[in-house]
Amino acid sequence: MQDFFLSNEAQAKDNYIKMINETAQAISKAFIDDRSYSGPKPDELKKIVSQASILPEKGLGWPKVFADLQERVLPNLLRTPSSDYMAHLHGPSLVESIASELIISTFNQSMDSWDQSPVATEIEVETVKHLCKLYGYDENADGVFTSGGSQSNQTAIILARDWFCNEILKYDVKKNGLNEKCSKLRMYTSEISHFSMEKSAHILGLGYQAVVKVPVDSRKKMNLQALKALIEADKKAGNIPFLIVATVGTTDFGSIDPLEELSLLAKENNMWLHADAAYGSGVIMSKKYKDRVAALSLCDSITVDFHKMFLMTISCSAVLIKDCSDFQALTIHADYLNREEDEEDGYTNLVDKSLQTTRRFDALKVWTSFQVRGQDGWSEIIETSMNNASYFYSILKADNDFEVLTEPEISSVVFRYKNTNDSLSADEINKRVRRLLIHEHGIIIGQTVSDGRVFLKFTLLNPRISHDKLDELKALIKELSRA
């Protein structure tokens with residue numbers, strides 16, 4: 001039984017150190033070049049991982065299973081630290097966040113009650129306090145870590161609905177459930193906002209009908225005049241506007257909705273303003289560009305993702321709210337978990353403000369990496385990626401073979417090769433180029449659709465990417481397109 005867990009016994013410690021060291025060495029050996037992917041197509045991968053059973057009658061033991069991992073799995077995993085990976089809002093992981101993961105996994109704290117995570121609870125509380133200050137909130141603010149941007153957005157939408165029902169409609173939806181008026185609640189968000197808006201509306205029992213999609217302008221920002229018209233039209237139709245969701249860094253374009261104007265509009269209409277800044281929240285770390293997101297302080301709640309621009313291991317997200325009392329919507333006490341008597345004596349039970357019960361100690365990654373890098377280090381990381389996007393945009397704009405949709409505000413560049421040959425459309429060429437890059441060159445870039453046309457996308461989160469690298473990639477895409 002000595003190899004079951006890490007304990008205070010010498011043999012258990014030796015087993016743990018040996019297994020972790022072997023794993024670290026094998027992972028390092030898997031990085032044989034800077035390609036982001038080894039190349040197999042889906043049908044090939046299925047054959048590689050196929051086996052009769054993953055639950056043999058007798059256990060095979062770690063050495064045999066580990067050898068199999070090294071042969072079949074590690075070589076085919078996506079290498080996100082590669083400068084050839086730029087497909088999604090999914091980047092490399094800072095080494096200190098990987099080290100933090102080892103601590104998180106080994107000690108296995110559960111962040112629902114203080115007695116399951118004593119110092120971990122206090123570190124999350126401390127980290128949230130500093131995050132609120134970073135985004136311009138005062139001492140009355142609060143927050144909680146979540147599984148990702150979707151859950152952060154869902155949490156904010158729940159709090160917004162309950163606040164509106166309690167304060168404006170004078171109806172306690174927490175105790176009494178949805179009534180007829182709730183079916184008329186409407187929330188407004190960009191037509192290119194994240195799909196978690198619809199998902200959240202469905203889960204809350206409001207339905208997709210509650211999500212009003214607002215057209216965007218030529219820079220892919222929410223159109224204010226269209227939003228005002230939609231709100232007025234809904235009021236006349238007997239519907240009830242309660243929430244505006246601004247996107248601070250749209251998934252494809254990185255566009256930032258006009259927060260100051262949206263804040264004024266929300267106040268005029270007694271609405272909650274939430275900022276889905278899962279992508280763009282990292283811009284606050286840049287000394288040069290932070291003014292682009294400074295108006296986040298005007299929002300009633302903010303989604304922050306640390307596994308995007310902040311380059312931390314998945315998953316790591318938080319939702320911050322301006323008024324800590326709004327978290328009461330999620331509080332319910334259980335004698336076996338978050339006893340009121342303990343909380344009165346200073347024991348913090350974070351389950352009081354979380355949709356999750358069992359939850360990881362992800363705050364450690366933020367607590368660690370913020371201190372490791374400092375303000376200067378973080379500013380350099382963020383600005384390198386944003387400067388790379390500006391550079392790539394400029395060289396594409398100067399090349400008549402390419403079309404670029406919008407000038408980047410953060411670090412995403414959406415473009416397409418626009419020349420066509422006799423047999424293929426531009427859409428087909430761009431699709432084929434992306435597949436060739438994946439399977440023949442180990443390079444993974446994004447693909448999306450705008451106005452019915454196929455575009456390619458670089459999401460430049462990796463500060464190791466250089467201007468020379470971007471020059472090479474542009475040349476390769478042009479070569480493959482012409483071929």
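The legends below describe close-up views of a predicted model.

**View 1. A nonpolar patch on the surface.**
Met-19, Leu-60, Trp-62, Val-65, Leu-69, Val-73 and Leu-77 make up a nonpolar surface patch. Together these residues have about 520 Å² of accessible area. Helix α3, residues 62-73, gives the most to the patch, with 4 residues. Trp-62, one of the patch residues, lies in helix α3. With a relative accessible area of 31%, Trp-62 is partly exposed, and patch residues need over 30%.

**View 2. The crossing of helices α4 and α12.**
Helix α4 spans residues 95-107 and helix α12 spans residues 363-397. Their axes come within 9 Å and cross at roughly 145°. The crossing of α4 and α12 is right-handed. On the α4 side, the contact is made by Val-95, Glu-96, Ser-97, Ser-100, Glu-101, Ile-103 and Ile-104. On the α12 side, Leu-364, Lys-365, Thr-368, Ser-369, Val-372 and Arg-373 take part.

**View 3. A salt bridge between Asp-34 and Arg-464.**
The side chains of Asp-34 and Arg-464 meet in a salt bridge, with an N to O distance of 3.6 Å. Asp-34 is in the loop between α1 (10-30) and α2 (42-49), while Arg-464 is in the loop between β12 (453-459) and α14 (467-482), so the pair ties together parts that are 430 residues apart in sequence. Asp-34 is partly exposed, at 30% relative accessibility. Arg-464 is exposed, with a relative accessible area of 54%. This pair is a salt bridge in a structure where a search of the whole finds 28 salt bridges.

**View 4. The salt bridge of Asp-362 with Arg-360.**
Asp-362 and Arg-360 form a salt bridge in which the closest N and O atoms are 3.1 Å apart. Asp-362 is buried, with a relative accessible area of 3%.

Arg-482 pairs with Asp-401 in a salt bridge, and their closest N and O atoms are 2.7 Å apart. Because Arg-482 lies in helix α14 and Asp-401 in the loop between α12 and β9 (402-404), the pair ties together parts that are 81 residues apart in sequence. Arg-482 counts as exposed at 55% relative accessibility, whereas Asp-401 counts as buried at 9%. Both residues belong to a network of salt bridges that links Asp-399, Asp-401, Lys-474, Lys-478 and Arg-482.

Thr-127 is found in helix α5, which covers residues 118-134. At 6% relative accessibility, Thr-127 counts as buried, since the buried class lies under 20%. Apart from neighbours within four places in sequence, Thr-127 is in contact with Phe-145, Ala-363, Val-366 and Trp-367. Gly-143 is 16 residues from Thr-127 in sequence, and the C-alpha atoms of the two are 9.4 Å apart in space.

The peptide bond from Ile-314 to Ser-315 is cis, and its omega is near 0°. Ser-315 sits in the loop between β7 (301-305) and β8 (317-321).

**View 5. Positive phi at Asn-108.**
Asn-108 has phi near 55°, a positive value in a residue other than glycine. Asn-108 is found in the loop between α4 and α5. With a relative accessible area of 60%, Asn-108 is exposed, as the value is over 50%.

**View 6. Positive phi at Lys-170.**
Phi of Lys-170 is positive, at about 55°, although Lys-170 is not a glycine. The residue lies in the loop between α6 (149-167) and α7 (173-176). At 65% relative accessibility, Lys-170 counts as exposed.

Note on methods. Residues numbered from 1 in each chain as written. Predicted model: local features only at pLDDT ≥ 70, side-chain atom pairs only at ≥ 80, totals over all residues. Heavy atoms only, no water. Patch = residues over 30% accessible without salt bridge, like charges linked within 9 Å, V, L, I, M, F, W, Y side chains within 5 Å. Areas by Shrake-Rupley, 256 points an atom, 1.4 Å probe, with all protein chains shown as cover. Salt bridge = Lys/Arg side-chain N within 4 Å of Asp/Glu carboxyl O. Helix = DSSP H or I, 4+ residues; strand = E, 2+ residues; numbered from the N terminus. Buried < 20%, exposed > 50% of the residue type's maximum accessible area, 1.4 Å probe, protein only. Axes fitted to C-alpha atoms, helices over the stretch in contact; angles between N-to-C directions. Left-handed = near helix turned anticlockwise from the far one by under 90°. Contact = heavy atoms within 4.5 Å.
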